[in-house]
Amino acid sequence: MNGVIKRVFLLAHCKSVSNQLINNLLKIDPTLTNFLLFKEIEWTQYLNIQAQQATLIKQEYNSLCFEQLNDQYNRNKISFTTTFQDNYPTLLKQIADPPPILFYKGNISLASHSKLLSVVGTRFPSQYGRLALQHILKPLIKVNWVIVSGMAKGIDTIAHEAALSNNGETIAVIAGGLNHVYPKENIPLSEKIITSHLLLSEHPPDTKPQKWHFPMRNRIISGVSIGTIVIQAKRRSGSLITAHQALEQNREVFAVPGSIFEECSSGTNELILSGAKLVRKAEDIKDEFHFFD
């Protein structure tokens, strides 16, 4: 394992360092061999980091031991990959702000599968939303589409379970670290996923999920996939954030129409008005990716 991979790993464990800062450091110090020698003016001028924070970063970094942390993770079957490695998800590397490091349990090769579809939607789906999800996803799962979602309550959970129950494959991207699966009632689901599927996070395993982690997580859900389908979402929701991030990432966005009288369909209906492809059946998605046939 080369030095820059180890240095990215250690920086990711510094509480004073964000993934955005790691990416910025890599732009000016591509091998991360010189940043500890930066002068105060360089931290300020190039990274907008004040002297006190720069000192703290150096102290945190120097206090960490790669071998100790990596051995601990190996014992817990936790692995990691960085943008410098071949097994890093192919499409995710192409987005504007790819996570410099990903921690995972399970089969990382799934994240570079050619047929990845992210599924997002409300935490409180109606019976219509549940039926629509099964109606659309089941035929796709049968022809080897991998289902990506965020393992939240509602549509996310149902999407993962649909993949599992139909002998398909699924990827769950979580907001906190791998040792803090949220919501807790989905811990049994996460244990099924890690057996032969994939559980993914951009945060070190002991990171507890924070509110701001969730919109960050959404860009990974859309970023690893070639398309995102929204099944029931309000006008202001995390699902619409994911859809807009997918558009920014030049991915296809699909939406299932719903009743004009239901608030949980207001967001999806507006997505369709804005140009998202209306989806009624699996073929509507297959047609968009006819090159797989």
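Analyst: Helices here are DSSP runs of H or I with at least four residues, strands are E runs of at least two, and both are numbered from the N terminus. The model is predicted, so to speak of a local feature takes pLDDT of at least 70 and a side-chain atom pair counts only at pLDDT 80 or more, while totals for chains, interfaces and linings use all residues. Residues are numbered from 1 along each chain as its sequence is written, and side-chain values use heavy atoms, with hydrogens and water left out.

User: Which residues does the cis peptide bond join, and what is omega there?

Analyst: Most peptide bonds are trans. P183 sits in the loop between β5 (170-173) and α8 (187-196). The cis bond joins Y182 and P183, with omega about -5°.

User: What is the phi of M151, and is the residue buried or exposed?

Analyst: Most residues other than glycine have a negative phi. M151 lies in the loop between β4 (146-149) and α7 (155-165), and its phi is positive, about 55°. Buried means under 20% relative accessible area, exposed over 50% and partly exposed in between, using a 1.4 Å probe and protein chains only. M151 has a relative accessible area of 0%, so it is buried.

User: Where is Q232, and what is its phi?

Analyst: Q232 is in the loop between β7 (227-231) and α10 (238-248). At 2% relative accessibility, Q232 counts as buried. It isn't a glycine, and its phi is positive, near 65°.

User: Which residues touch T268 from beyond its neighbours within four places in sequence?

Analyst: T268 belongs to helix α11 (residues 266-273) and is buried, at 0% relative accessible area. Contact means heavy atoms within 4.5 Å. Leaving out neighbours within four places, the partners of T268 are V230, I231, Q232, A233, A255 and V256.

User: Why do the buried residues of α4 line one face of the helix?

Analyst: The buried residues of α4 are A54, I57, E60 and Y61. The arc is taken over the directions from the helix axis to the C-beta atoms. Looking down the axis of α4, the buried residues line one face because they fall within an arc of 130°.

User: What do the buried residues of α4 pack against, and which exposed residues are on the face turned away?

Analyst: The buried residues of α4 pack against α1 (3-12), α2 (19-28) and α3 (40-47). On the face turned away from the buried side, the exposed residues are Q52, Q59, N62 and S63.

User: At what angle do the axes of α2 and α3 cross, and which residues make the contact?

Analyst: Axes are lines fitted to C-alpha atoms, for helices over the stretch in contact, and angles run from 0 to 180 degrees between N-to-C directions. The axes of α2 and α3 come within 11 Å and cross at roughly 110°. The contact is made by L21, N24, L25 and I28 of α2 with W43, Y46 and L47 of α3.

User: Which residues does P30 touch, not counting those up to four places away in sequence?

Analyst: P30 is in the loop between α2 and α3. Its C-alpha atom is separated by 8.2 Å from that of V4, 26 residues apart along the chain. With residues up to four places away not counted, P30 touches V4, L25 and F84.
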